[in-house]
Each structure stands twice: as structure tokens, then as C-alpha cells.
Amino acid sequence: MLSQSLVLSSGFTGLISLAHAGFFGIGAYTAGILSVNYDLPFLISLIIAVIISGVFALVVSVIALRSVDEYFIIITLGIQVIAFSIMNNWIDLTNGPMGISGIPNLSIFGFTFSSKLSFLILTLFFTVIIFLLLRNITTSPFSRILIGLSNDEIFTKSLGKKVNFSKVSAFAIGGMFATIPGVLYAYYISYIDPTSFTVDESIFILSIVIIAGMRSLWNAAIVAAVLIILPEALRFIGVPSNVSANIQQIIYGIALVIMMIRYYLKSKNLS
Amino acid sequence: MGLNQNFKVSKSINIVFAAYIPLSAYLTNHFYSEYSIPFIFAALVAVLIINVINLCTEYFVFSFFRKREINSLVALIVSLGIYIIIQNTISLIWGDSNVNFTMNYGNDSFGIFSGVITLNQILLIAVSIAIFVGIITLKRISLIGKKMDAVSANSMLAEIFGINKSLVLIISSVFTTTSVSIIGVLIALNYGFYPTIGFNFFIYGLIVIIIGGTNKNVGLLFGAIILSASQHLGAFFFDSKWYEIITYLVLILFLIYRPLGFSGNQLKKVEI
């Protein structure tokens with residue numbers, strides 16, 4: 001879900017963002033705070049989290065989109081660090097590094113999703129919904145504007161397209177979709193702390209999108225599945241668990257470089 | 001200063017240098033503690049090894065893209081991939097825990113006005129000033145310095161005039177690698193070191209470049225002063241835990257209102 005939402009906001013617009021884990025964290029912390037402190041049900045927490053994330057993404061995009069290329073990435077990195085810092089240091093709101101514990105079981109209209117199987121089915125449901133919505137967006141005329149502005153922004157603007165509005169919309173929609181897995185994560189784990197929403201997570205999500213080829217929802221889903229299963233596969237072939245995380249990261253790095261070579265060659269061939 | 005040289009010539013941000021900061025510290029510590037080599041020689045050997053690693057990445061990876069006129073965003077992502085590889089290799093070999101050099105000197109402190117400064121901090125300041133002055137002098141009086149300025153101003157014109165752009169890029173990356181590696185050892189002397197320490201300091205260096213602008217070295221000095229003053233004043237008036245937020249807020253303000261920094265020239269924005 002995270003990588004697919006980033007496919008829209010970064011893959012189609014060409015605006016590489018390192019703030020996606022921040023939206024994930026907003027979803028998780030909103031759900032945690034509302035369910036633990038105010039006893040609000042899942043659906044209400046979800047709606048409020050999506051709205052908060054949408055407003056945050058709007059503010060971030062209006063600020064960040066005044067810069068271009070590498071500066072945009074640096075600003076989103078800054079936003080990510082600011083979000084992490086707030087989660088880690090605003091103790092009155094987020095409980096700081098201690099995190100929020102005791103998040104209740106997810107319940108919708110009286111049915112409690114207490115077993116792993118039921119939670120899996122719920123997650124699959126949201127995954128399919130998000131996939132279908134994103135597929136509709138990415139096959140619509142809106143997506144062609146995004147592709148146009150990623151290739152040549154000035155030319156797209158000269159055709160009368162609302163370039164800034166499109167970029168802000170894509171970024172905000174991507175951020176809002178990224179909140180949903182955050183809410184689900186909080187209810188599933190029932191404990192959240194800032195260390196789950198760091199820059200490393202943003203880099204991981206971005207790696208998935210880049211390795212998947214930037215604009216393919218299906219590829220993003222497959223690559224995400226492969227990269228998540230990778231540590232288990234490494235353990236299966238006898239790699240000690242204390243080194244498998246590092247080897248996993250090294251494989252990400254190599255895959256990133258190879259995919260950029262492949263992506264670069266492909267775009268050169270098309271041009 | 002070191003990062004700025006490479007940034008001006010290559011016109012792209014190279015995150016690989018962030019990995020060289022902890023790598024220099026780990027290699028120095030390895031040679032110093034395992035082989036009992038004197039500390040300064042251990043540091044020099046570490047700098048040499050890191051330069052070899054840098055030349056290998058330049059030759060085997062970046063030269064592929066440069067021959068085909070790399071896009072700066074592609075360069076950034078490729079450098080991110082290589083940073084991930086090097087940083088995790090460091091973790092694999094030496095682990096993730098915080099390490100300190102096992103030295104009995106350098107921690108002596110001296111009172112200055114109402115503050116305290118250690119010998120290691122004095123060394124850090126002295127070497128930084130030496131690198132700053134050294135790079136400025138080198139660029140003013142040496143032929144390679146003038147070639148670097150020519151390539152950073154207009155690489156195509158520089159090539160027409162017979163300047164070997166690839167060689168200039170390699171030499172600028174050697175300057176950057178050397179200065180970053182030396183500073184990495186000094187940072188480790190003051191703060192200890194762990195595999196991901198380089199990323200934060202790399203970002204601080206980048207922020208100084210953005211605030212100060214790439215055109216004048218004095219701008220970089222002002223950028224560094226503004227950044228560290230903002231950080232410490234913010235920590236004093238609010239709390240030290242908001243250190244990172246203040247850093248990035250300063251960056252965001254400059255990127256929005258003064259994207260070319262103090263010493264950058266204002267470009268005419270293309271509007272339709």
C-alpha cells in the first residue's frame with residue numbers, strides 16, 4: 001500500500017519524496033492517540049487520520065514544490081526528520097520514545113478482528129481497494145498530465161495544463177493513501193513508537209518504487225512482496241539473523257543501482 | 001568546502017561521501033587498535049584506502065552515466081544505492097554499536113570565556129581551517145583549481161578549450177574524499193562513531209552549501225555560522241531535543257526564499 005501510493009506521488013510526477021514514512025507515522029499515531037485517549041472506533045480514527053494526513057501533505061507539497069529536483073528531495077527529507085522529531089520529542093502528545101501501547105483490537109460494527117486471519121483478510125480488502133483506486137487514477141487523463149509534467153513541465157504548462165495543482169494533488173492523494181496502512185499497522189501491532197517511522201523506512205519504500213520501475217502498480221506490489229520475504233529467504237538458506245538485515249540492505253542498494261542503469265538505458269532508447 | 005568542490009563540478013549531490021565519514025573512522029580505529037600503527041599514520045592509510053574505493057565507484061559506476069550525460073536526479077539515486085551498500089558493509093564487518101577511539105589524550109579541556117573546549121575540538125577547528133584555507137589557496141594558485149572552476153562554470157566550453165572534464169571530476173572527487181575522510185576521523189574523535197553517523201553530518205554539509213551558496217567560499221563560512229548559531233540558539237531558548245527541527249526549518253526557509261544561498265546569483269525564473 002505504501003509503495004503503491006508512492007508510485008502515484010513520486011513515480012508519475014518524477015518528484016522523488018523521502019517523506020512517505022512520515023505519512024505512515026501520522027496514520028499510526030492518529031489511530032493510537034484517538035483509540036487509546038478518546039476511545040474512538042477504527043472507522044472514525046481512519047477518517048480523521050486521512051484528513052490530517054491530507055492537510056499535512058497539502059502543506060508539505062505547497063512548501064516543497066517551490067523547489068525542484070534534488071532540492072525537493074532534501075526538503076522532503078527535512079519534513080520526514082521533522083515528523084520523526086515531533087513523534088520522538090513531543091512527549092505530551094505522542095509519549096515520546098516510550099511510544100503508545102494498549103491500542104485496542106480493531107472492531108468494525110461490533111465484529112472484532114482479533115485473529116491474524118481476519119486481520120489479513122481486512123488488510124487484503126484495503127489493499128485491493130487502494131490498488132483499484134490508484135489504478136483508476138493512473139489510467140485517467142490526470143495521470144497523463146503527471147507524466148507530461150515529469151518529462152517537460154514547461155511544455156505541459158504551455159498546453160494550458162494546471163501543473164502546480166496536479167503536482168500538489170498527486171502528492172496529497174499519495175500521502176492520504178499512505179495513512180491507511182499506518183492506521184492498520186497501529187491496530188495490528190497494538191504498540192507504536194517513533195523508530196518504525198524513520199528515514200530508513202522512507203528510503204526502503206522509495207527503493208521499492210524505483211526497483212519496480214517507477215510507474216507500475218503491479219510491479220511495486222511484486223517487488224514489495226519479494227523484498228519483505230527476502231530476510232526470511234536469507235534465513236532459510238542459513239544466513240544468520242544478525243547479518244541478514246545488512247545483507248538485505250546491500251541487495252537493495254545493488255538493485256537500486258542496477259534498476260537506475262536499466263531505467264536510464266530504457267529512457268534513452270525511447271528518446 | 002570539500003562537498004562543495006564536487007557539487008560544483010559534477011552538478012549533482014553524491015550521497016556516497018556520507019558513507020566515507022564513518023568508514024574513515026572505522027578503518028583508522030582498525031589499523032590503530034589491531035596493528036598498533038601510530039594514529040596519524042592509521043588515519044592516512046584509511047584516507048588512502050577510501051580514495052581507492054572512491055576511484056573504483058567513479059570508474060565502475062558513475063563513469064557509465066557520465067559518458068551518457070547523467071541526469072542529476074539519477075546520479076543522486078545511484079549514489080544513494082552505493083551509500084546503502086557501503087554503510088551496511090560497515091555494519092556487517094564492525095557491528096552497529098557506538099565505538100570510541102581508545103586514546104588517553106585529546107580529552108584535556110581548557111576554559112575559554114565561560115565555556116570549555118577540549119583538545120580534540122581544538123584539533124577539529126584547526127584542521128577545518130587548514131582545509132578551508134588549503135582549498136581556497138589551491139584553487140587560486142594551481143592550474144587544476146582553475147580547471148575545476150572552468151568545468152563548474154561551463155563544462156561544455158571547458159571541454160572545447162581542451163580541459164579533460166573526466167579528469168577534473170576525478171580530481172575534485174579526490175579532494176572531496178580526502179577532506180571528508182579527514183573530517184570523519186576528527187568527528188569520531190569528538191563524538192564516537194557508528195555506521196550511520198555520516199548521513200547526518202553529510203546533510204549538515206549540504207545544508208551549509210544550500211544556505212551559503214556555491215559561488216563563494218566566504219558564503220559557505222557564513223552558511224556554517226548561521227546554521228550552527230541557529231541550532232545552538234534554538235537549543236538554548238527552546239530545548240536541545242528540537243535541534244534537528246531547527247536545522248531543517250532553517251534549510252526549508254532558505255530553499256524557499258533564497259534557493260541559491262547567500263553567494264548564489266539570482267537566476268531569472270522561466271514563467272509562461
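**View 1. The largest cavity holds about 120 Å³ of space.** Closest to its centre, among the 15 residues that line the largest cavity, are Leu18(A), Ile73(A), Ile15(B), Leu76(B) and Leu80(B). A cavity is a set of points, on a 1 Å grid over the protein atoms alone, where a 1.4 Å probe fits but cannot get out, and lining residues have an atom within 4 Å of a point. Grid points are joined across faces, edges and corners, and a volume is the space filled by probe spheres set on the points. At least two lining residues each come from α4 (69–89) of chain A and from α4 (72–94) and α9 of chain B; α9(B) gives the largest share, four residues. Helices are DSSP runs (H or I, at least four residues), numbered from the N terminus. The lining comprises 15 nonpolar, no polar and no charged residues. Ala, Val, Leu, Ile, Met, Phe, Trp, Tyr, Cys and Pro count as nonpolar, Asp, Glu, Lys and Arg as charged, and the others, Gly among them, as polar.

The model is predicted: local features need pLDDT of at least 70, side-chain atom pairs count only at pLDDT 80 or more, and totals for chains, interfaces and linings use all residues. Residues are numbered from 1 along each chain as its sequence is written, chains are lettered from A and ligands numbered from 1 in the order in which they are written, and side-chain values use heavy atoms, with hydrogens and water left out.

**View 2. The second largest cavity has a volume of about 60 Å³.** Its lining includes Leu3(B), Asn6(B), Ser12(B), Phe17(B), Phe202(B) and Ile209(B). Helices α1 and α9 of chain B are the elements that give two or more residues to this lining. Seven of the lining residues are nonpolar, three polar and none charged.

**View 3. The second largest pocket has a volume of about 1600 Å³.** A pocket is an open set of points with protein on both sides within 12 Å along at least five of seven lines. Of its 37 lining residues, Ser128(B), Ile183(B), Ile187(B), Phe201(B) and Ala224(B) lie nearest the centre. The lining divides into 26 nonpolar, eleven polar and no charged residues.

**View 4. Ile47(A), Ile51(A), Val55(A) and Val59(A) form a nonpolar surface patch.** Their accessible area together is about 360 Å² (Shrake-Rupley method, 1.4 Å probe; for residues, only the protein chains shown count as cover). Patch residues have over 30% relative accessible area and no salt bridge, and nonpolar side chains (Val, Leu, Ile, Met, Phe, Trp, Tyr) are joined within 5 Å, like charges within 9 Å. A salt bridge is a side-chain nitrogen of Lys or Arg within 4 Å of a carboxyl oxygen of Asp or Glu. Val55(A) lies in helix α3 (residues 42–64) of chain A.
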